[in-house]
Amino acid sequence: MRNDAAAPKYATAEIAVWWDMKDCPIPEGYEAHRVRPSIEGAFKKLGYSGPVSITAYGDQTQTPDNLLRGLSSTGVHVAHAITESTCALMYSDMVEWRRHIPPPATMMFISNQVDHVFSLDLARLQQETQYNLFLAYSVSSKAIPALETSAEWRWNNLLKSKTKKTRVVKIYEEEESDRAMFYCKSCDFDCQSLRELRKHLSSRYHAMGELLCPTATEISPVTMKWGRNFPAKPEYATAKILVLWDIVDCPIPEGYEVHRVRPSIEGAFKKLGYSGPVSITAYGDQSQTPDHLLRGLSSTGVAVSHAITEVRYKRMFSDLIRWQYLNPPPATIMLISDHIEDYFSTSVASLQQCCIKYKYNMFLAYSFRPTKMLALVTSAEWLWESLLEGVYLSSSLCSTVSETRRHVLQRCSSQRGEPESTRMFDCKTCLFDCKSLDDFMKHLSTNEHAWEVSILSQYIISFFLTI
Ligand SMILES: [Zn+2]
Ligand SMILES: [Zn+2]
């Protein structure tokens with residue numbers, strides 16, 4: 001559990017807290033008016049001193065008056081919701097809050113449901129517009145590790161943070177604007193006193209409301225309908241594009257001219273307004289790929305990487321990280337694979353949230369659409385075969401593209417001295433690279449290569465036997 005000190009831009013920024021009182025109740029014997037100062041005390045320890053707004057959600061017909069008074073006297077808003085709807089309401093209130101409060105700001109959930117219920121949609125929201133994120137819970141399981149937080153607490157530890165409670169109580173009694181509100185989320189009702197809330201909760205109007213118009217019990221993922229294939233934003237229009245292509249998952253279809261792969265990919269990019277230099281690497285067990293395909297790829301400037309099945313995704317991922325290191329944003333990264341969800345989505349989504357400065361524009365292509373929403377947010381996605389069919393360029397145009405491409409490769413490599421730009425064939429098992437197909441094929445048939453493959457396979461087997 002990492003608790004990072006506040007970055008300067010968040011140190012005095014606003015903090016909004018959504019607290020599920022059922023998951024994280026006030027412990028027996030704990031005074032309710034100590035909750036806010038404890039939470040604020042924990043924030044201050046990390047250097048956060050911005051204004052804190054807290055809303056406590058729960059079935060308030062079950063919460064004793066003295067607890068609600070203790071909370072509201074310290075400016076904690078009280079929201080009534082039926083237990084089944086609490087999560088969905090907290091989430092939609094958070095989405096609404098994001099519409100009104102631009103970053104930099106901090107948001108915090110106190111709940112045990114974050115991982116299971118809204119982590120995926122929230123991770124996607126965070127990739128688009130990033131807020132600083134805190135979590136607290138009484139029970140934790142990182143079911144979906146795609147969500148990046150800067151601080152997490154156990155609820156009971158958070159309540160133990162040392163604070164100057166009397167001073168905080170006084171401030172909230174004096175400042176009218178900070179007076180706690182009472183909400184009935186079932187009826188969209190609000191008031192300023194516990195007495196009024198109690199009266200409402202026992203009214204026929206409220207009973208009918210909960211009966212006839214029940215609140216949603218499932219969160220509505222706001223990113224679900226985010227469109228695909230957005231036109232290029234100006235900062236990406238001429239920026240570099242890296243394409244990591246799994247040639248095993250998404251092979252060149254039977255009868256398809258290999259020369260057309262690069263122009264088809266570039267054509268699809270151009271349709272969306274992307275015209276930056278495109279670097280493509282095809283990953284697979286190249287000892288199984290026919291020579292004419294390898295020749296065709298390399299003649300159009302597609303680099304070829306040999307990686308055996310067991311490590312192919314790892315190699316693609318490590319090349320992605322290496323490329324990011326050498327090529328800061330703005331830039332675009334495209335993954336062509338049918339295993340985005342298993343191998344890339346979560347880790348790349350996490351990277352995308354780690355630092356706003358290292359956020360890349362993402363493209364995907366796959367031979368079949370993932371059945372579930374991915375944690376990774378993209379601005380364009382294609383079905384592999386449709387992508388290949390989308391653009392037809394005559395062979396003369398293909399050769400022009402490939403000539404241009406070679407020129408770009410040479411120019412780029414001479415400018416930046418990046419070794420990967422000049423390397424056209426590489427064996428990921430032996431870290432061997434070369435410029436000619438003949439040398440590459442010769443390498444794949446050497447005893448040294450076979451030995452490296454057998455060592456790697458043994459290593460992988462022993463690794464899996466130990467876990
Ligand atoms: Zn009501
Ligand atoms: Zn090798």
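**Figure 1. Asp-188 sits in the loop between β7 (182-184) and β8.** In this predicted model, phi of Asp-188 is near 60°. That is a positive value in a residue other than glycine. Asp-188 has 10 C-beta neighbours inside 10 Å, so the residue counts as exposed.

**Figure 2. Leu-431 occupies the loop between β15 and β16.** Here phi is near 55°. Leu-431 is not a glycine, yet its phi is positive. Leu-431 counts as exposed because 8 C-beta neighbours lie inside 10 Å. The flanking strands, β15 (residues 425-427) and β16, run antiparallel and are joined by three bridges. Across this pair, Cys-427 stands opposite Phe-432 of β16.

**Figure 3. His-206 belongs to helix α9 (residues 204-212).** Around it, 19 other C-beta atoms lie within 10 Å, so His-206 is partly exposed; a buried residue needs 20 or more. Leaving out residues up to four places away in sequence, His-206 touches Cys-184, Ser-186, Cys-187, His-200 and Leu-201. Phe-189 is 17 residues from His-206 along the chain. Their C-alpha atoms are separated by 9.2 Å.

**Figure 4. Two spans carry the UniProt feature "domain: C2H2-type".** The record, an unreviewed entry, places the feature at residues 182-206 and 425-449. Residues 182-206 are 44% helix and 24% strand. The end C-alpha atoms of that span are 14 Å apart. For residues 425-449, the figures are 44% helix and 24% strand, with the end C-alpha atoms 14 Å apart.

**Figure 5. An open sheet of eight strands runs in the order β6-β5-β4-β1-β2-β3-β7-β8.** Its pairing is mixed. β6 (151-154) and β8 (189-191) stand at the edges with a single partner strand each, so one side of each has no neighbour in the sheet. Neighbouring strands are turned by 15° against each other on average, direction ignored. Helix α2 (residues 35-45) packs on this sheet and touches β1 (15-20), β2 (52-58) and β6. The direction of α2 makes about 130° with that of β2. Within the sheet, β4 (residues 106-110) and β5 (residues 132-137) pair in the parallel sense over five bridges. Thr-106 has Asn-132 of β5 as its bridge partner.

**Figure 6. Strand β10 is mostly covered, with seven of its seven residues buried.** Side chains in a regular strand alternate between the two faces of the sheet. In β10, Val-278, Ile-280, Ala-282 and Gly-284 point one way. Ser-279, Thr-281 and Tyr-283 point the other way. β9 and β10 pair in the parallel sense over six bridges. One bridge links Val-243 to Ile-280 of β10.

**Figure 7. The largest nonpolar core has 116 residues.** Val-17, Ala-136, Val-243 and Met-334 have the most contacts inside this core. Domain 1 (8-212) and domain 2 (234-441) both contribute residues, so the core lies between them. Beyond its neighbours within four places in sequence, Val-243 contacts Ile-265, Val-278, Ser-279, Ile-280, Met-334 and Ile-336.

**Figure 8. Helix α14 (residues 340-354) has buried residues, among them Ile-340, Phe-344 and Val-348.** Ser-345, Thr-346, Ala-349, Gln-352 and Gln-353 are buried too. Their cover includes α5 (114-128), α13 (312-326), β12 (332-336) and β13 (361-366).

**Figure 9. Cis peptide bonds join Pro-103 to Pro-104 and Pro-329 to Pro-330.** Omega is near 5° for the bond from Pro-103 to Pro-104. Pro-104 lies in the loop between α4 (86-100) and β4. For Pro-329 and Pro-330, omega is about 0°. The loop between α13 and β12 holds Pro-330.

Conventions:
Residues are numbered from 1 along each chain as its sequence is written. Chains are lettered from A and ligands numbered from 1 in the order in which they are written. This is a predicted model: local features need pLDDT of at least 70, side-chain atom pairs count only at pLDDT 80 or more; totals for chains, interfaces and linings use all residues. Two strands pair if DSSP finds at least two bridges between them. Helices (H or I, at least four residues) and strands (E, at least two) are DSSP runs, numbered from the N terminus. Axes are lines fitted to C-alpha atoms, for helices over the stretch in contact, and angles run from 0 to 180 degrees between N-to-C directions. Two residues are in contact if their C-beta atoms, placed from the backbone, lie within 7 Å. UniProt positions are given in the numbering used here, feature names are shortened, and annotations may be inferred rather than shown by experiment. A nonpolar core is a set of buried Ala, Val, Leu, Ile, Met, Phe, Trp, Tyr and Cys residues joined through C-beta atoms within 7 Å. A residue is buried if 20 or more other C-beta atoms lie within 10 Å of its own, exposed if 12 or fewer, and partly exposed in between; C-beta atoms are placed from the backbone. Domain bounds come from an automatic or database domain assignment.
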